[in-house]
Each structure stands twice: as C-alpha cells, then as structure tokens.
Amino acid sequence: MQRCKWCNLKNPRYIQYHDEEWGKERLDDAYLFEMLVLESFQAGLSWECVLNKRENFKEAFDGFDVHKIALYDEEKQQELAGNAGIIRNRRKIASTVKNAAVFLDICDECGSFESYLRCFWDGNTIYENTLTHSPLSDAISVDLQKRGMRFVGTTIIYSYLQAVGVISSHEKGCFLYHA
C-alpha cells in the first residue's frame with residue numbers, strides 16, 4: 001500500500017497517524033485543542049519528533065484538558081520545562097497556557113472552536129497538496145494572533161488544518177489521495 005512520501009515507514013506510530021488520523025475530519029473541541037498544542041510545539045521541529053512524544057505530552061499536560069492548562073502557574077510551567085519526555089521550550093510552554101485561555105474565550109464567544117473555524121471556512125473539505133499556507137490559514141493565523149495566541153503562524157495553522165481534516169493533502173499515489 002503506497003503512502004505519502006513524508007510518512008516514515010519504519011515508524012509504526014507514524015504509519016498509524018498517516019493512515020487513521022491525518023486529514024480525517026475531526027472537529028470536537030478536545031481534539032482541536034490537542035492538535036493546536038502539538039502543532040505549536042512542532043514549530044522548527046519535525047512532526048515525527050512531536051508525534052513520538054505525544055503520549056508524554058498528554059500525560060504532562062493533564063490529558064490536554066484546556067481548562068486545567070489555562071490555569072497553569074509558573075511552578076507548573078517550570079515543572080514542564082524540566083520534563084525530558086516533552087519538548088522543553090519555555091516559550092512554547094508559556095504560549096500553550098496563554099493559548100488555552102484564548103481557546104476558551106473563543107469557545108465562549110462562538111459556542112465551540114469548530115464554530116470559530118467555520119467563520120472562515122464553509123465546512124467542505126479542501127483538497128490540495130502542494131501548499132504550506134493558504135488564504136484560509138493566513139486569515140485564521142492573523143485572527144488568532146490578534147486574540148493573543150502565539151506559535152500560530154500561517155504555516156503552523158495550515159499544518160493544523162491538515163491534521164484536523166479541514167484540508168486533505170495526501171499526495172498523488174497515496175492510497176488516501178483525493179483529486
């Protein structure tokens with residue numbers, strides 16, 4: 001079975017992510033927040049690096065509970081910065097706490113994060129596989145930054161939209177490719 005070229009066929013976790021998760025629409029708030037956290041930690045790194053640490057992130061960040069994370073104090077952030085099982089970038093850790101608070105504000109304002117995304121997107125899966133950003137990711141990135149989120153540049157948001165299935169970017173020849 002042929003997969004996208006980026007999928008490391010020696011990593012079972014990566015194969016499972018490619019086959020069962022990436023590009024499949026999943027828009028519940030818990031998942032949308034988890035992926036936002038993971039994508040923001042990816043900045044400057046490979047997705048495989050983040051994916052390999054996903055379970056460690058889940059444990060360290062209280063199961064990605066957005067309500068708990070929004071309340072993390074400096075002591076908790078210091079604890080995370082000392083956790084060798086995750087990416088220990090202090091700026092990304094602090095941003096995750098801030099982004100959690102903004103995420104909750106958006107959910108209060110719009111009813112859900114999915115509803116927020118639909119303010120920019122018509123709900124139809126976008127099929128494209130040659131871009132690293134788009135007018136959609138540009139608009140969402142600008143709005144999230146205005147609201148105070150960090151590590152949400154247009155390339156990160158584009159990857160995020162691919163991960164949650166708003167954009168399907170499987171490569172031609174991949175068994176999951178859609179024209």
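**Exercise 1. Find which residues line the largest cavity of this predicted model, and which helix gives the largest share.**

*Solution.* Step 1: the largest cavity is lined by Phe33, Leu36, Val37, Ser40, Thr96 and Asn99. On a 1 Å grid over the protein atoms alone, a cavity is a set of points where a 1.4 Å probe fits but cannot get out, whereas a pocket is an open set with protein on both sides within 12 Å along at least five of seven lines; lining residues have an atom within 4 Å of a point.

Step 1: look at the helices, which are DSSP runs (H or I, at least four residues) numbered from the N terminus. Helix 2 and helix 7 each give two or more residues to this lining, and the largest share, four residues, comes from helix 2.

Step 2: sort by class. The lining has three nonpolar, three polar and no charged residues. Here Ala, Val, Leu, Ile, Met, Phe, Trp, Tyr, Cys and Pro count as nonpolar, Asp, Glu, Lys and Arg as charged, and the others, Gly among them, as polar.

Step 3: A volume is the space filled by probe spheres set on the grid points, which are joined across faces, edges and corners.

A note on the model: it is predicted, so local features need pLDDT of at least 70 and side-chain atom pairs count only at pLDDT 80 or more, while totals for chains, interfaces and linings use all residues. Residues are numbered from 1 along each chain as its sequence is written, and side-chain values use heavy atoms, with hydrogens and water left out.

**Exercise 2. Describe the largest pocket and its lining.**

*Solution.* Step 1: its volume is about 400 Å³. Of the 21 residues that line the pocket, Trp22, Gln42, Trp47, Ser159 and Gln162 are the closest to its centre.

Step 1: helix 1 (12-20), helix 2 (29-42) and helix 10 (154-163) each supply at least two lining residues. Helix 10 has the largest share, with five residues.

Step 2: by class, the lining of the largest pocket divides into 10 nonpolar, nine polar and two charged residues.

**Exercise 3. Work out which kind of pair the rings of phenylalanine 33 and phenylalanine 103 form.**

*Solution.* Step 1: recall the rule. Rings of Phe, Tyr and Trp (its six-membered ring) pair if their centres lie within 6.5 Å; planes under 30 degrees apart count as stacked, over 60 as edge-to-face and the rest as tilted.

Step 1: the centres of these two rings are 5.1 Å apart and their planes are at 65°, so the pair is edge-to-face.

Step 2: locate the partners. Phenylalanine 33 is in helix 2 and phenylalanine 103 in helix 7 (residues 90-110), 70 residues apart.

Step 3: check burial (buried is under 20% relative accessible area, exposed over 50%, partly exposed in between, with a 1.4 Å probe and protein chains only). Phenylalanine 33 is buried at 1%, and phenylalanine 103 also counts as buried at 1%.

Step 4: widen the view. Phe33 and Phe103 form one aromatic cluster with Phe113, Tyr116 and Phe120.

**Exercise 4. Is glutamate 39 buried or exposed, and which residues is it in contact with?**

*Solution.* Step 1: glutamate 39 has its place in helix 2. With a relative accessible area of 3%, glutamate 39 is buried.

Step 1: leaving aside neighbours within four places in sequence, glutamate 39 is in contact (heavy atoms within 4.5 Å) with Trp47, Ile156, Ser159, Tyr160 and Ala163.
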